[in-house]
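Subject: Structure handover

Hello,

Here is the structure for your files. My notes follow below it.

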Amino acid sequence: MYRFAPSPTGDMHIGNLRAALFNYLCAKAKNCDFILRIEDTDKARNIEGKEEEIKEILRLFNLSWQHFYIQSQNLKFHRQMALKLVSEKKAFACFCTKEELEAKKELAKKQNKPYRYDGTCEKLEDIDVLECQKPFVIRLKKPTHTMKFKDFIKGELSFEPENIDSFVIMREDKTPTYNFACAVDDMLEGVSCIIRGEDHVSNTPKQEHIRASLDYEKRMTYAHLPIILNEDGVKMSKREAHSSVKWLLEMGILPSAISNYLILLGNKTPCEIFTLEEAIKWFDISKISKSPAKFDFKKLLQINREHIKRMEDEKLNKLLNLDKDVAALAKFYTQEASTIKELREKIQAIFSEKDCTKFEAECKILKELLKDIEPFENYEEFKNYLLEKSQLKGKNFFMPLRIVLTGSQHGPELNELYTHIKTFIHELARI
């Protein structure tokens with residue numbers, strides 16, 4: 001069982017989507033279920049509407065889930081598990097104040113030592129946590145042995161007990177910390193492999209320790225994905241526009257192209273251009289590079305052009321939303337436009353009123369000729385007919401003709417464009 005567990009605290013970024021894609025691909029390849037879990041226990045940071053936005057994005061990318069969970073709805077289980085650990089003396093109530101802990105952290109800093117909880121409350125007499133009125137958190141006792149786990153990308157990783165410490169699993173307000181809620185949910189939901197970003201590596205031994213303390217015996221495997229760097233070779237920030245999936249979609253980059261690029265990123269694939277369904281047949285998480293992958297926006301745009309060219313005409317016409325069959329014309333324009341947004345603008349210019357200020361007389365002559373012109377099979381016949389009838393020459397012929405046909409003084413070669421635009425000639429003459 002694989003899961004994608006985002007928080008509804010902001011726009012989905014490409015690192016999140018990459019993890020979702022890889023979990024989905026592995027689930028499909030192994031014929032396992034794919035879980036979507038919204039981790040909403042950090043109420044202060046949750047943004048209204050983000051849960052539905054996450055679902056909508058996953059649907060756009062054809063990432064269908066078989067099970068859906070809201071983490072906060074598992075709160076009763078989190079509390080039950082925490083009480084179980086306390087009753088078994090595997091966890092304890094800690095009454096240390098924030099001020100006391102800060103003072104100890106400052107002292108460790110001055111001594112140039114890493115801070116570790118000193119066990120002050122671990123030795124207290126048994127406390128009835130259900131009856132206690134004094135504020136406290138619950139800490140899980142640190143492990144007694146080295147913790148090891150298998151990572152499909154990084155190999156075997158190990159952590160010493162002192163680096164895990166006696167960490168907090170329940171806050172003063174009786175809500176679970178991230179690691180506790182996550183570990184318990186994965187256990188309850190039968191997750192067998194966790195694929196996520198490498199920034200979670202330090203959380204893994206804590207979550208392993210939580211499940212082991214709860215006597216959970218099923219083996220969990222992991223894959224921690226290397227970070228994505230921006231084009232300057234620095235870790236990509238959420239503040240960078242193209243780190244946002246929503247922004248990429250709004251720019252007119254296709255979900256299929258984004259999926260293609262993110263699966264390709266830092267990976268050994270049998271081909272460069274592919275669909276999600278095709279990737280299911282050969283995707284192997286162990287082939288992902290251990291090194292950070294650099295995001296190349298130009299490469300993404302090139303892949304997007306290829307996906308536009310491969311798209312069914314009916315689907316492309318619907319995306320362009322121009323009330324006419326312009327799919328072939330749009331695919332032709334991918335030589336100078338890379339996104340649906342750019343293509344729509346190019347084609348709207350063709351079917352909008354033209355600015356003929358510099359060649360007003362010439363444009364008028366050409367439009368009159370085009371209104372009644374008989375369709376020619378090829379551009380040479382078309383051009384020669386207009387040259388003869390208009391008596392225009394050189395720049396005074398070709399520039400106004402380009403403006404009348406495309407709405408621009410620059411663009412693709414007219415002899416190449418003509419094949420895709422000849423059925424619209426009479427319509428263009430009336431604009």
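Which residue forms a salt bridge with Glu88? It is Lys84, with the closest N and O atoms 3.0 Å apart. A salt bridge here is a side-chain nitrogen of Lys or Arg within 4 Å of a carboxyl oxygen of Asp or Glu.

Before the rest, two notes on the source. This is a predicted model, in which local features need pLDDT of at least 70 and side-chain atom pairs count only at pLDDT 80 or more, while totals for chains, interfaces and linings use all residues. Residues are numbered from 1 along each chain as its sequence is written, and side-chain values use heavy atoms, with hydrogens and water left out.

**Salt bridges**

The search of the whole structure gives 28 salt bridges. Back to the pair above: Glu88 is partly exposed, at 35% relative accessible area. Lys84 is partly exposed too, at 30%. (Buried means under 20% relative accessible area, exposed over 50%, partly exposed in between, with a 1.4 Å probe and protein chains only.)

Lys104 and Asp118 meet in another salt bridge, 2.9 Å from N to O. Lys104 sits in helix 4 (residues 98-110) and Asp118 in the loop between helix 4 and strand 5, so the pair ties together parts that are 14 residues apart in sequence. (Helices, H or I with at least four residues, and strands, E with at least two, are DSSP runs numbered from the N terminus.) Lys104 is partly exposed at 25%. Asp118 is partly exposed at 43%.

Glu306 and Lys309 also pair, at 3.3 Å from N to O. They are 3 residues apart in helix 10, about one helical turn. An α-helix has 3.6 residues a turn, so residues three or four places apart point the same way. Glu306 has a relative accessible area of 24%, and Lys309 has 40%.

There is also a network of salt bridges: it links Arg3, Arg37, Glu39, Asp185, Asp186 and Glu189.

Strand 2 runs parallel to strand 1 (residues 2-4), joined by 3 bridges. (Two strands pair if DSSP finds at least two bridges between them.) Tyr2 stands opposite Phe34. Strand 2 also runs parallel to strand 3 (residues 67-70), with 4 bridges. There, His67 is the bridge partner of Ile35. The chain crosses from strand 2 through helix 2 (residues 50-60) to strand 3, and this β-α-β crossover is right-handed. (That means a clockwise path from the first strand over the helix to the second, with the strands pointing away from the viewer.)

An open sheet of 3 strands has the order 4-5-8, paired antiparallel. Strand 4 (91-94) and strand 8 (168-170) are at the edges with a single partner strand each, so one side of each has no neighbour in the sheet. Strands 4 and 5 pair over 4 bridges. Cys94 stands opposite Val137 in strand 5.

**Helix 13**

In helix 13 (residues 340-350), Ile340, Leu343, Ile347 and Ile350 are buried. Down the helix axis, the buried residues fall within an arc of 80°, so they line one face of the helix. (The arc is that of the directions from the helix axis to the C-beta atoms.) Their cover includes helix 10 (297-310) and helix 16 (395-406), with contact meaning heavy atoms within 4.5 Å.

Best wishes
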